[in-house]
Amino acid sequence: DARMLTTGLDCVAGSGIVLSAEQRAALQSSLPTLQASQRFRAIKLWGRIVALSTEYFIAQAYGSDLLDPTVFYSSDCSVWAQLPRVHPVIVEAASKIAGRFQGDPAHEYSVTQPAPAADAPPLNLPDEVAALRKTVDNMVTTTLTEEMRLAATVSLVDFEVAVVPYRAFRRNPDGTIQACKSFEGLTPLEATKLSSFYHFRRPTNSASESKNPAIDFLDPITNDLPKTSWSLQAERGSELSVLRSLLWPGYVFYHVPESRIFGSFYSGLGTRNNDLVFMLP
Amino acid sequence: DARMLTTGLDCVAGSGIVLSAEQRAALQSSLPTLQASQRFRAIKLWGRIVALSTEYFIAQAYGSDLLDPTVFYSSDCSVWAQLPRVHPVIVEAASKIAGRFQGDPAHEYSVTQPAPAADAPPLNLPDEVAALRKTVDNMVTTTLTEEMRLAATVSLVDFEVAVVPYRAFRRNPDGTIQACKSFEGLTPLEATKLSSFYHFRRPTNSASESKNPAIDFLDPITNDLPKTSWSLQAERGSELSVLRSLLWPGYVFYHVPESRIFGSFYSGLGTRNNDLVFMLP
Amino acid sequence: MSDNESDDGQRGPSIGTYEGERHPETMARHGRGVATLANGDNYEGMYENGQRHGKGSYQFVNGARYVGEYSQNKKHGQGTFYYPDGSIYEGSWAEDLRVGQGKYTYPNGDTYEGEWANNLRHGKGTYTYAKTGAQYVGDWKQGLRVGNGELVLGKFRYQGAFSDSQPIGDGKFIFSHGCEQQGSFVVQENRTADDDAIITVSWAGKSIAATR
Amino acid sequence: MSDNESDDGQRGPSIGTYEGERHPETMARHGRGVATLANGDNYEGMYENGQRHGKGSYQFVNGARYVGEYSQNKKHGQGTFYYPDGSIYEGSWAEDLRVGQGKYTYPNGDTYEGEWANNLRHGKGTYTYAKTGAQYVGDWKQGLRVGNGELVLGKFRYQGAFSDSQPIGDGKFIFSHGCEQQGSFVVQENRTADDDAIITVSWAGKSIAATR
Amino acid sequence: DATASLTDVPEASTHVRLATDEVVLFAREEEDEDSLVVENAAESLDQFRAAGLGLGQEESFRILLAIKNLAKAKPLRSVRFWGKILGLEGNYIVAEAEYREGDEPQEEEEAEAEPEMEGDGDGEEGVTNEAPLPKSSYKAAPPIPRENVGAGANKKVYFVCAYPGAEWIALPLVTPEQIICARGIRQFLTGRLDAAVTSFPPFPGNEANLLRAQIARITASTTVSPQGYYTFDEDDDGDEGRDSFVVDEEYEPRSKAELLDPALTGWVHHSLFLLPQGRCKWINPSPKEYNDEEDEDEDEEDEQAEAETGPPLLQPLQNDEDVDGNMAWSLRLSSQLNPTSASVIISSNRWPGAHTYAQGAKFANVYIGWGIKYSSTTYSPELPPMPAEEYPVGVDISEETDPTRAEEEAFAAAQTTA
Amino acid sequence: DATASLTDVPEASTHVRLATDEVVLFAREEEDEDSLVVENAAESLDQFRAAGLGLGQEESFRILLAIKNLAKAKPLRSVRFWGKILGLEGNYIVAEAEYREGDEPQEEEEAEAEPEMEGDGDGEEGVTNEAPLPKSSYKAAPPIPRENVGAGANKKVYFVCAYPGAEWIALPLVTPEQIICARGIRQFLTGRLDAAVTSFPPFPGNEANLLRAQIARITASTTVSPQGYYTFDEDDDGDEGRDSFVVDEEYEPRSKAELLDPALTGWVHHSLFLLPQGRCKWINPSPKEYNDEEDEDEDEEDEQAEAETGPPLLQPLQNDEDVDGNMAWSLRLSSQLNPTSASVIISSNRWPGAHTYAQGAKFANVYIGWGIKYSSTTYSPELPPMPAEEYPVGVDISEETDPTRAEEEAFAAAQTTA
C-alpha cells in the first residue's frame with residue numbers, strides 16, 4: 001500500500017535498498033492518483049529495475065484478484081505507463097535474454113530458441129503473439145521490446161520468488177484469495193524458519209491434500225530448488241525478519257514478527273541468477 | 001513499541017515533530033536494552049519535553065498494567081534514568097508551576113497554595129511527600145525538583161490528553177485492560193470524527209452504564225471541555241488522521257485508518273495551555 | 001400680538017426677546033413662544049406662567065441644545081440633550097438632572113442606556129463601546145460600574161462583581177464555544193524602574209465547566 | 001660359485017657383469033642374480049634361462065627404476081616403475097606395457113588409478129588432481145577421457161559424456177546442497193583480434209532438480 | 001507494503017484529490033539559471049532534521065518543489081521557506097519572497113483610505129433644522145500608515161498554501177494597527193484565510209491579516225544570522241538607521257565556540273525591530289507642519305511626538321529582552337555524538353518553534369508552530385477601557401431663565417426711558 | 001507506537017543483545033581534534049540516499065559512530081566507510097583505513113613461507129636404499145609474493161564488523177593467488193569470516209581471505225573520483241608509474257556537465273589497476289640474476305618475463321573495458337526535479353552496487369551488494385586441466401637385455417684373448 005511505503009522502505013534499507021526523499025514524495029503523490037484513476041482497490045510499489053541508462057520503477061495495482069495485478073512502470077516515480085500483459089511464450093522467451101536492461105522501453109531483443117517438436121500440441125497463439133515469432137530452420141526467433149521484457153520479468157519474479165508469511169492469506173471456498181484478518185504475524189521463532197514462508201502465486205502443486213485447504217494452499221518455499229536459494233536473516237535483532245532471494249538478487253521480503261507488517265521490494269538488475277547452484281557453499 | 005518508532009515518527013512529522021537520525025539510532029539501541037534490563041513487556045517513546053538548556057526524552061515501559069507505566073527520562077536518548085512516582089498532591093502542586101523547564105533535573109521549584117480547609121479530611125500523606133510541604137500562615141509551600149515536575153507533567157499529559165481510538169482496547173471482566181486483537185482500525189469516516197477517540201486513562205466517569213462495558217469503558221474525548229480542545233486533521237488526504245491537543249500543545253495522536261497503526265508523541269514545552277478557552281474562535 | 005419691537009435695539013444690557021403667547025391675565029409668557037434669552041440662547045416651546053413648561057427646545061449659543069419636556073423651568077420628563085462635545089442624552093429628566101431611563105451617546109460613539117440618578121449612571125444599565133462593540137450590562141452606582149455586571153466581549157462574556165468600574169474578585173468568563181471558566185480578577189501591583197506603582201488587574205482562571 | 005673375475009676389467013666394450021645363480025646345465029643366468037648391464041644399468045632379481053623372469057629390480061643409470069615382476073625379460077605382472085621425471089607407475093604390466101589395474105603418480109602429484117591398456121589409461125579409471133583434489137572417475141580410451149565420466153570438483157560433481165578428454169554434450173552437475181542441474185557443455189569458437197580461433201567449452205545449465 | 005490490506009474497498013478519498021494536486025509538483029522542467037535566489041528548502045530542512053527539528057523528508061521535498069513552482073509563477077527576486085504555521089482545521093506553508101524591482105504588484109490603495117470615523121457623525125438625526133448640532137469633540141487617533149512594499153514590516157512579501165502543491169496565495173500587506181491588535185490577543189488560527197477573527201479586541205481584518213501580522217512579529221523577533229554573515233553596504237548612506245544589508249563576500253564562518261557563546265555575541269538580528277507603533281520605521285502620527293526650524297525646540301509637541309526607537313539592524317542578540325525571566329534564546333549543537341560536523345542551533349524562547357541553524361557558511365531560519373508567542377503567565381484578556389464620562393455639568397450648559405413679566409416690563413420701561 | 005502490541009510477552013531476544021552491543025556506540029566522548037581523517041559516513045550516505053542509493057538513516061548514523069570508534073581504537077591515519085557486503089547468514093560492514101606510518105601491525109611472516117610443494121616428495125617410500133629414486137621434474141610456479149602493507153593491493157587495510165557496534169576485525173593482507181582464484185570462482189559469502197570457502201578451484205584461504213580479495217578487486221575497479229581532485233605529488237619521482245597522489249588544494253570542482261559527459265573524461269581511477277598477476281605492481285615471477293646488462297636483450301627469457309602493465313593512476317575511465325558489451329559506467333543526476341543541488345552519480349556496471357557521488361568539491365565511493373561481479377553469461381565452472389601424460393616411452397627407459405650365455409662366453413673369450 002502506498003500508505004505503508006515508508007515503513008516498508010525502512011525494512012529493506014539494510015539490504016541497500018533506499019529511495020530518495022524525492023522519489024518517495026513523488027510516489028506518495030502519484031500512486032494514489034494512479035489507483036484512483038482506474039478505481040483499483042489497492043496499489044503498491046513493487047520495486048525498481050535498474051537499467052543501464054535509467055531506473056524502471058514498477059507498481060502493481062489490484063482489483064479483485066490479488067494474484068492478477070495490473071502493472072505500471074515509471075522512470076521518475078511520477079508518470080506511470082501500464083505494462084502490457086505478456087503471453088507465457090513471451091515470458092519464456094524473455095527469460096532467455098541475457099544481459100542488462102537498456103533503459104529504452106522500445107529497445108528490441110531477439111531470442112532464438114529451438115522450435116517445438118513437430119508432434120507437440122499446437123500453441124494456438126494469439127495473432128499479436130504469433131506476429132512476434134518467426135520460424136527459420138526449425139528455430140524460432142522471438143522479437144520483443146524492452147517493455148515486454150519488463151513485464152515478463154515482473155511476472156517471473158512474482159512467480160518464482162514473491163513470498164508471504166504463513167497464515168497471512170486464506171483461500172475462500174470459491175477459490176479466491178484474501179488477506180486473513182486474524183493474521184497476527186509470525187512468532188519470533190517462526191520468523192527464523194524458511195518453512196514459515198510461502199510463494200504468493202497460484203499453487204503449482206495443485207494436488208496438495210492439505211488438512212486445512214483454506215490456509216495450507218500455497219507452495220512452501222522449502223520446496224524450492226536449491227533449498228538454500230534464500231537468505232533469511234534477522235535484522236536489528238529479532239525485530240525484523242528479512243528474506244532475500246538468491247535466485248533474483250534484489251528481491252527482499254520483510255516481516256516484523258508479531259505484527260501484520262510484511263511486504264517485499266525488488267531492487268535489482270532484472271536478471272535472474274542462473275549461476276545460483278554454483279554460488280552456494 | 002520501539003519497533004514502530006520510525007512509522008510513528010513519520011506520522012507526526014507534519015506537526016513539526018522529528019527526531020534526528022542520531023536520536024533515532026540511539027533510541028533503537030537504548031530502548032530495547034532498557035526494556036530487557038527490567039523485563040518489561042513493552043517500551044515506547046512517549047515524547048520530548050523541551051527545556052531551556054536541554055531536551056528531556058521520555059520513555060514509558062509497561063508491565064502488566066497498561067495504565068501504569070514506569071517512566072524514564074534521558075537527555076541523549078541513550079542513558080535513561082527512572083522518574084520518581086509522584087504523589088497526587090505533588091502532581092497538583094507541579095501543575096501550578098508556570099514557566100519553562102530549566103533543563104536541570106535538580107532544579108527546585110516552590111509552589112505556594114492555600115492550605116486545605118481546617119475541616120477538610122486529613123490527607124494522610126506519606127512522610128516523604130509531607131517533607132516537601134511546609135505550612136505557614138495557612139499557605140502550603142511545596143518544594144519539588146524539576147525531576148518531580150517532569151514526572152508530574154508526564155502523568156498530567158497522560159491523564160488529560162492521552163488518546164486511543166475506539167475499539168482498540170477492551171476491558172476484561174477482571175478489570176484489566178488489553179489491546180483488542182480484533183481491532184482493524186477506524187473507518188476513514190470514523191477517523192474524521194472526534195467521537196471516535198477516547199481517553200486512555202482509568203475512566204473518571206465510573207458510573208457509565210454502557211451497553212457493552214468491555215468496549216465502552218473509556219471516557220470519550222467529546223466530553224472534554226472545551227469540546228474544541230482538539231484539532232483533528234486528515235493529513236496526506238485521508239491516509240492519516242492526526243489529532244492534536246490544544247490543551248497540551250505538542251501532544252499529537254496519529255492513526256492510519258483501516259490499520260492498526262496508531263500512537264502518540266508529545267513534543268513541547270511541558271506546559272499546559274491554560275489560556276485555551278480564550279484562544280478558540 | 002407679540003411685542004417684538006425691541007428686537008433690533010441697541011447693544012446693551014438686554015433681557016432678550018420673546019415672541020409668543022402670554023398669559024391673558026398676568027401677561028407672563030404662557031403657551032407657545034419663542035424667546036431669545038439675555039445670553040443669546042434661544043428657547044422655542046411651551047411656557048406656563050413665565051416658566052418653560054411642557055415641550056420645548058432650548059438652543060445654547062455654544063451649539064448645545066435641549067429638546068424635550070420642561071417643568072417649571074427645569075428639564076423634566078423626556079428630553080434629549082445635545083452637549084457641546086457632541087454627546088447626546090436622550091431620556092428621562094427630573095429637576096434638570098438625568099434621572100430614570102435614558103441613553104447617553106458619548107463623543108466617541110459609546111453609549112449608555114439604562115438607569116440614571118442625579119445625572120449619573122445608576123442602577124441597571126448597558127454601556128456599549130463603539131469601537132469594539134463590547135458592552136457592560138449590569139449595575140451602576142453614581143456613574144461607576146459597581147455591583148454585578150457582565151462584560152460582553154465578542155465571543156466571550158465576563159460575569160462578576162465590579163467595583164470602581166473594574167471587575168474585581170470572583171467571576172466567570174462564558175464562551176460561545178460552550179463552556180465557562182470560573183476565576184477571579186486579582187489586583188497586582190508592580191513597580192516600575194522609578195518605583196512608581198503600576199496597578200494591573202488580571203484574570204486568574206480556574207476551573208472550566210460546561211455552560212448550562 | 002660365480003665368475004666375477006672380469007669385474008674390474010679394462011674399459012672397453014663390455015657386456016657388463018653378472019654375479020649370481022646360473023642354470024646348472026646351460027650356465028645361462030638363472031635364479032637370483034645381480035647384473036650390471038652393458039650400458040651401466042643394474043638388475044637385481046630373478047632370472048630364468050638367461051632372461052629376467054620373476055621378481056626383480058631394474059635400476060637405470062638415469063635414475064629410473066623398475067621393481068616388480070618380469071616374464072621373459074619383459075615387465076609382466078605387478079610392478080612399480082619409477083620414471084626419470086619422478087612419476088611412478090605401480091600396477092599391472094604385460095609385455096613391458098602398463099596393462100590392467102595400475103596407479104600412476106605424475107610428477108605434479110596427480111594420480112591415475114584404474115585400468116590400463118597398451119601403456120595408456122584405458123577402461124575405468126580415476127584421475128586425481130593433486131593441486132585441487134579434483135577427480136575424474138570414469139571411462140578412458142587410449143589415455144584420454146572418453147565415454148562417461150564424473151568430475152568430482154569439491155562441493156559439486158559433473159556427470160556426463162567426455163570426448164577427447166573434454167566434457168562435451170549433455171550432462172549434469174550434482175551439488176552437495178541437494179540438487180542437480182541438467183545441461184550441456186557446448187563448444188564455442190571465438191576469434192581473437194588476429195582471427196585465431198579460440199575454442200572454449202562452456203557449460204549451459206538448464207533445469208534444476210532435486211538430487212535423488 | 002501491507003499486502004494485508006489489499007482487499008480494502010476503494011474510495012475516492014480526499015487523499016486522491018490531494019495527490020492529484022501534488023502531481024503538478026513533480027512535473028519536470030528545465031532549470032532556470034537566472035539570478036533568482038531560491039533557498040534549497042529541502043537542504044535546510046535536512047539540517048534542521050539532523051537536529052531533531054523541522055519536518056519529514058517527503059514534506060520537505062514537496063515544499064522545495066512548491067517553492068520552486070512559486071518562484072516560476074511570480075516575478076520574484078528571492079524566495080525561501082519561512083515555515084509552517086499550524087491551525088485548527090488546516091495549516092499554512094509560508095514562503096517569504098521579494099519581488100523583482102518594478103514587479104511589485106499594485107498596492108491596494110483602499111488600505112490607505114481613511115477609515116470612517118465612528119462618533120464623528122455629523123448629526124444627521126438633528127431635531128431642528130435651525131442650527132447645527134454640536135460636532136463630536138472626539139478625535140480618533142489617525143491610523144498610522146502602513147509601510148510600503150519593500151520597507152519595514154512589509155520588506156518581504158509572504159505567500160501561503162495549505163499544503164505543498166496547493167495554490168500559493170499572497171498575504172496582504174500588514175498594517176500597524178493589525179500588529180498592535182495582534183499583540184494583545186491570543187488566538188489559534190483556523191487554517192482558513194477568509195475566516196473571521198473572533199478575538200477581543202476585534203481584529204482589524206480577517207485571518208489572512210492576522211496570519212500576516214503574526215508572521216511580521218515572528219520575523220522581526222527571530223530572523224537571526226551569524227554575526228558577520230551580512231554587512232552593511234558600503235555605498236549605503238548609513239546616517240539614520242540603515243535598513244538594508246548585503247551578504248559579506250568575505251565572511252569567515254564563525255567557529256562553533258563563538259556561535260555557542262551564551263553571551264550571544266555570535267548572532268545578530270537581520271530583520272528590523274518592530275516598534276510599539278507597529279512599524280519598523282517610526283512615523284510621527286500627527287505631524288504638524290512646523291512653521292519654522294526654530295519651532296523644533298518648542299516643548300508643546302512633546303506628548304505626541306516622542307519617536308520610538310528599536311535596536312538597529314545586525315546588532316547582536318545579547319541585548320534581547322528576557323522572556324518572562326528566562327533567556328530569550330537557547331543554544332545547542334545539533335549532534336552530541338558527532339560534534340565536528342554538527343551545526344549550531346539557536347532557538348527562540350519567545351516564539352517557540354523558531355529555530356536557526358548555522359553550519360559553515362550556511363544558515364537558515366525556520367518557524368514551525370502554532371504562531372503563538374510564549375507566555376508564562378495566564379492570558380488576561382484586554383478589557384474595554386473605563387466608561388466615558390458624561391459632559392460635565394457647568395455654566396455652559398446651564399439654561400438661562402426667562403425674564404419674568406416684571407423684568408420684561410422693567411426692561412421695557414428702561415428702554416423707553418433711555 | 002503500536003500501543004496495540006503492548007501485551008506482547010517479553011523475551012530476551014537477540015534484539016536486546018544486539019542493542020546492548022550498540023549502546024557502546026552512543027557513549028559520548030570528547031572529540032579528538034588531531035590529524036586523523038575520518039570520513040563522515042553519515043553525510044556521504046545522506047548524499048547517496050538522496051540519489052536512492054545507500055542505506056537507511058539510522059544504520060548510516062550507526063556506521064558513522066562505529067567508524068569513529070574504530071578510529072579511536074587503532075593507530076589510523078585515515079578511515080572511511082567502504083561499503084556493506086551482504087552474505088547468506090550475515091553481512092559485513094567494511095571500513096577502509098590506513099595506519100599511521102610506523103604503526104602498521106607486524107606482518108604475518110608465515111604468509112611468506114614457501115608452501116609445501118606436493119609432488120616434490122623426496123621418495124621416502126623408496127624400495128631400495130641403493131640409489132635415490134628420480135626426483136619429480138615438476139616445478140610448481142613459485143608463489144608470487146604479495147604486496148606489503150601500504151603498497152598495491154595492500155595499500156589500505158580493511159576492517160569488517162557484522163553490524164555497527166560489533167567488534168571490528170582486521171582482514172588479512174591479500175595475496176596474488178587469492179585474487180587470481182577469486183576471479184575464477186563465483187561464490188556467495190556466508191557472513192562468517194572463518195567459514196571455509198567451498199569453491200572449485202579451492203580457494204587458498206578462508207572466507208576472510210576471499211572477502212579481502214573481493215574488496216581488492218572491487219576497490220581497484222570502482223574507486224573513482226572527479227578528474228583533478230587528486231593530483232600527483234610534485235615531489236614524487238614519477239618515472240615509472242607513480243602510485244601515490246595528493247588532494248589538489250586548488251581543485252576547482254568539475255561542472256555537472258563535465259561529470260555527466262558520457263565520454264567519462266570527468267572521472268579518473270584513483271586506485272591502482274589490479275594486474276592479471278594479482279598484484280598492482282608487476283613482479284618478475286622467476287627473476288634470474290642477470291649476469292650482465294647486455295644479457296637483457298637476449299630473447300631466451302621472453303616466455304616468462306613479459307611484464308604486465310595496466311592503466312596508470314588518475315587516468316580517465318574512458319578506456320575502461322566494456323562490461324559484456326555494455327558501457328562500464330552509468331551516469332546520472334541524483335535528482336531530476338532539483339538539478340541545481342543534485343549530485344552526479346556514477347555507477348559501475350561491472351560491480352553492481354558500486355557507486356560514487358560528486359557534488360561540489362565532495363565525492364565518496366561506496367559499495368553495497370553481494371560482492372559478486374556482473375556477468376551476462378552463465379557461469380561455467382573452471383574445470384581441472386587435461387590429465388597429465390605419462391612418461392614417454394623411449395630409449396631412456398628401455399631396459400637393456402642381459403647378455404646370453406653365448407655372448408657372455410664370447411665376451412669372456414675375447415677378453416681372455418686380448
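I began with F:Q277, which is buried, with a relative accessible area of 5%. For the record, I am working from a predicted model. Burial here means under 20% relative accessible area, so F:Q277 counts as buried. I then looked up where F:Q277 sits: in the loop between β9 (267-269) and β10 (329-333) of chain F. Leaving out residues up to four places away in sequence, I listed what F:Q277 touches: F:I144, F:P176, F:I180, F:R183, F:W282, F:I283, F:P285 and F:E308.

Next I turned to a sheet in chain B. Which strands stand at its edges? The sheet is open and has three strands in the order β5-β7-β6, with antiparallel pairing. β5 (108-114) and β6 (133-136) of chain B are at the edges; each has a single partner strand, so one side of each has no neighbour in the sheet. I noted that neighbouring strands are turned by 25° against each other on average, direction ignored. Four bridges join β6(B) to β7 (residues 139-145) of chain B, and B:K134 stands opposite B:T141 in β7(B). Helix α5 (residues 146-161) of chain B packs on this sheet and touches β5 and β7 of chain B. The direction of α5 makes about 95° with that of β7(B).

The axes of α2 (residues 21-37) of chain B and α3 (residues 57-73) of chain F come within 8 Å and cross at roughly 85°. That makes α2(B) roughly perpendicular to α3(F). From α2(B), I found B:A21, B:E22, B:R24, B:A25, B:Q28 and B:S29 meeting F:Q57, F:E58, F:F61 and F:R62 of α3(F). By class, I have three nonpolar, three polar and four charged residues in this contact.

How values were computed. Residues are numbered from 1 along each chain as its sequence is written. Chains are lettered from A and ligands numbered from 1 in the order in which they are written. This is a predicted model: local features need pLDDT of at least 70, side-chain atom pairs count only at pLDDT 80 or more; totals for chains, interfaces and linings use all residues. Side-chain values use heavy atoms; hydrogens and water are left out. Axes are lines fitted to C-alpha atoms, for helices over the stretch in contact, and angles run from 0 to 180 degrees between N-to-C directions. Helices (H or I, at least four residues) and strands (E, at least two) are DSSP runs, numbered from the N terminus. Angles under 35 degrees count as roughly parallel, over 145 as roughly antiparallel, 65 to 115 as roughly perpendicular and the rest as oblique. Contact means heavy atoms within 4.5 Å. Ala, Val, Leu, Ile, Met, Phe, Trp, Tyr, Cys and Pro count as nonpolar, Asp, Glu, Lys and Arg as charged, and the others, Gly among them, as polar. Buried means under 20% relative accessible area, exposed over 50%, partly exposed in between (1.4 Å probe, protein chains only). Two strands pair if DSSP finds at least two bridges between them.
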